[in-house]
Amino acid sequence: VQLQASGGGLVQPGGSLRLLCEAFGRASSRYAMGWFRQAPGTEREFVAAISWSGHSTYADSVKGRFFVSGDNAKATVYLQMNNLRPEDTATYYCAAGETIRHDADSYNYWGQGTLVTVSS
């Protein structure tokens, strides 16, 4: 499975962005998909994940602001990010695995990352 993330950019605090992750390969729509982020000098952290059946889970830091959704027919997962804060600045990665988990080690496939910068 190959993953391609896009949609990052520069946004002001309080603004919104939507990230996309396209999956390519056999049975790519049957994987659980996760979003992680990593800021310079920090460890990669879990953001959100969705199972192929639509069950989702979020990190406490983004609950109520970020929303993950998927389109199985397009093998694409979206991360809608609202009310962005400077501390959301990071490179965002999508990942595919067997089940939705918060730990990065549970995901077998990773995209290249897309940079999100929240700044005025």
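**View 1. Order of the secondary structure elements in the predicted model.** From the N terminus on, the elements of this predicted protein run β-β-β-β-β-β-β-β-β-β-β. The count comes to 11 strands and zero helices. Strands E7 (66–71) and E8 (76–81) return in the view of Ala75.

**View 2. Overall dimensions and packing of the chain.** The C-alpha trace spans about 40 × 25 × 25 Å along its principal axes. The radius of gyration is 13 Å, which agrees with the value near 14 Å that a compact globule of 120 residues would have. Of the 120 residues, 43% count as buried. Among contacts between residues at least 6 apart in sequence, 55% join residues at least 24 apart.

**View 3. Surface and charges of the protein.** The protein exposes about 6200 Å². Carbon and sulfur atoms supply 45% of that area. There are 10 positive and 10 negative charges, and the mean positions of the two sets are 6 Å apart.

**View 4. The disulfide between Cys21 and Cys94.** A search of the whole structure finds one disulfide. It joins Cys21 to Cys94, with an S to S distance of 2.1 Å. The link is right-handed, with 65 degrees about the S-S bond. A disulfide is a covalent bond between the sulfur atoms of two cysteines. Are the two cysteines buried or exposed? Cys21 has a relative accessible area of 0% and Cys94 one of 1%; both count as buried because the cut-off is under 20%.

**View 5. Ala75 in the loop between strands E7 and E8.** Ala75 sits in the loop that runs between strand E7 (66–71) and strand E8 (76–81). Its phi is positive, about 50 degrees, although Ala75 is not a glycine.

**View 6. Asn83 in the loop between strands E8 and E9.** Where is Asn83 found? Asn83 belongs to the loop between E8 and E9. Asn83 is not a glycine, yet has a positive phi of about 50 degrees. With a relative accessible area of 42%, Asn83 is partly exposed, since that class lies between the buried limit of 20% and the exposed limit of 50%.

Definitions and conventions. Residues are numbered from 1 along each chain as its sequence is written. This is a predicted model: local features need pLDDT of at least 70, side-chain atom pairs count only at pLDDT 80 or more; totals for chains, interfaces and linings use all residues. Side-chain values use heavy atoms; hydrogens and water are left out. Helices (H or I, at least four residues) and strands (E, at least two) are DSSP runs, numbered from the N terminus. The radius of gyration is taken over C-alpha atoms; the globule rule is 2.2 Å times the number of residues to the power 0.38. Buried means under 20% relative accessible area, exposed over 50%, partly exposed in between (1.4 Å probe, protein chains only). Contact means heavy atoms within 4.5 Å. Accessible areas come from the Shrake-Rupley method with a 1.4 Å probe; for residues, only the protein chains shown count as cover. Lys and Arg count as positive and Asp and Glu as negative; His and the chain ends are not counted. The place of a charge is taken as NZ of Lys, CZ of Arg, CG of Asp or CD of Glu. A disulfide is a pair of cysteine sulfur atoms within 2.5 Å.
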